[in-house]
Amino acid sequence: MIKQVSHVNVWVHDQDEALAWYTEKLGFELREDVTLPELGGFRWLTVGPVGQPDFALALMTVPGPPVFADDTADKIRDLMARGAAGGLFFATDDCRGDYEELTGRGVEFTEEPSERPYGVDAGLRDPSGNNIRIVQSTPVPSNAA
């Protein structure tokens with residue numbers, strides 16, 4: 001039976017650029033980087049947070065035919081450019097500290113850390129346009145009576 005999420009697909013424009021950004025800017029580690037000539041040069045590239053070996057992001061370029069028709073692949077790339085192709089949420093114990101550290105590494109944020117009903121959160125985008133939130137959660141009061 002399914003017991004946990006192991007990988008999440010993240011569409012990227014350029015796998016080398018994404019690998020550099022996720023490892024050098026965010027501090028993730030490379031997990032797998034395998035090119036399969038028998039599948040037309042398909043590259044399986046994964047990264048993940050240090051200390052969380054059971055979870056990885058699969059950094060995938062948007063495929064054309066036969067996986068996606070050219071117009072579908074173009075639509076996905078357009079959505080990525082608009083930041084509308086999904087998003088990632090990363091948990092932290094210190095959102096403001098992470099903001100300072102990542103800003104020092106050259107990460108550009110779309111939103112500085114701010115107080116929310118659920119904690120402190122900040123927004124950024126990766127080089128392919130994917131939205132990312134860094135969230136320092138606080139317990140949300142229950143409205144149950």
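Student: Starting with the second largest pocket, how do the residues of its lining divide into nonpolar, polar and charged?

Tutor: They divide into 6 nonpolar, 4 polar and 1 charged. Here Ala, Val, Leu, Ile, Met, Phe, Trp, Tyr, Cys and Pro count as nonpolar, Asp, Glu, Lys and Arg as charged, and the others, Gly among them, as polar. Keep in mind that this is a predicted model, where local features need pLDDT of at least 70, side-chain atom pairs count only at pLDDT 80 or more, and totals for chains, interfaces and linings use all residues. Residues are numbered from 1 along each chain as its sequence is written, and side-chain values use heavy atoms, with hydrogens and water left out.

Student: What counts as a pocket?

Tutor: On a 1 Å grid over the protein atoms alone, a pocket is an open set of points where a 1.4 Å probe fits, with protein on both sides within 12 Å along at least five of seven lines; lining residues have an atom within 4 Å of a point.

Student: And what volume does the largest pocket have?

Tutor: About 400 Å³. Of its 17 lining residues, the closest to the centre are Leu26, Phe28, Pro49, Phe90 and Ala91. E5 gives the most to this lining, with 4 residues.

Student: Back to E4: is it largely enclosed or open?

Tutor: Largely enclosed by the rest of the structure, because 5 of its 6 residues are buried (under 20% relative accessible area, with a 1.4 Å probe and protein chains only).

Student: New topic: what is the strand order in the open sheet of 4 strands?

Tutor: The order is E5-E8-E7-E6, with mixed pairing. E5 (87-91) and E6 (109-116) stand at the edges with a single partner strand each, so one side of each is left without a neighbour in the sheet.

Student: How many bridges join E6 and E7?

Tutor: They pair over 5 bridges, in the antiparallel sense. Ser114 has Asp121 in E7 as its bridge partner.

Notes
Two strands pair if DSSP finds at least two bridges between them. Helices (H or I, at least four residues) and strands (E, at least two) are DSSP runs, numbered from the N terminus. Buried means under 20% relative accessible area, exposed over 50%, partly exposed in between (1.4 Å probe, protein chains only). Grid points are joined across faces, edges and corners, and a volume is the space filled by probe spheres set on the points.
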